[in-house]
Amino acid sequence: MEKRRPIIYLSDSDFEVAQKKLDELGISSNDKILILAPETRSKKKMKEWPHERITALIQKITGNYSCKIITFVSKDNPNDYNGTIQLKGFPLGPSSAMIS
């Protein structure tokens, strides 16, 4: 059997919600953005980077590049990702539309 990747079908509404959020955040089509999703759900302890490493990466990126960083995290994530725009609990469809 052929190995397949999951497919996410995005609706017009997903793109509209994503664009509305970008507009609310003051992010224009001319801005360079980087999106990070620092959490995992499966095998969390093995796959997820420690918070200190994520924050060090964010500091290196912001120190070397001119871009806006968005972090997608769950609603209950207690960590703060300074230097980023945190979107807690943002829906999967609009998140995917924002990435595309």
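Not counting residues up to four places away in sequence, T71 touches L36, P38, Y81, T84, I85, Q86 and L87, where contact means heavy atoms within 4.5 Å. The model is a predicted one, in which local features need pLDDT of at least 70 and side-chain atom pairs count only at pLDDT 80 or more, whereas totals for chains, interfaces and linings use all residues. Residues are numbered from 1 along each chain as its sequence is written, and side-chain values use heavy atoms, with hydrogens and water left out.

T71 lies in strand 2, strands being DSSP runs of E of at least two residues and helices runs of H or I of at least four, numbered from the N terminus. With a relative accessibility of 0%, T71 counts as buried (under 20% relative accessible area; exposed is over 50% and partly exposed in between, with a 1.4 Å probe and protein chains only). The side chain of T71 also makes a polar contact with that of T84, at 3.2 Å; such a contact is a pair of N or O atoms within 3.5 Å, of which, within protein, one must be able to donate a hydrogen and the other to accept it, while residues adjacent in sequence count only if both atoms are side-chain atoms.

One aromatic pair was counted, namely F72 and F90, which are stacked with 6.2 Å centre to centre and 5 degrees between the planes. Rings of Phe, Tyr and Trp (its six-membered ring) pair if their centres lie within 6.5 Å, and planes under 30 degrees apart count as stacked, over 60 as edge-to-face and the rest as tilted. Both F72 and F90 are buried.
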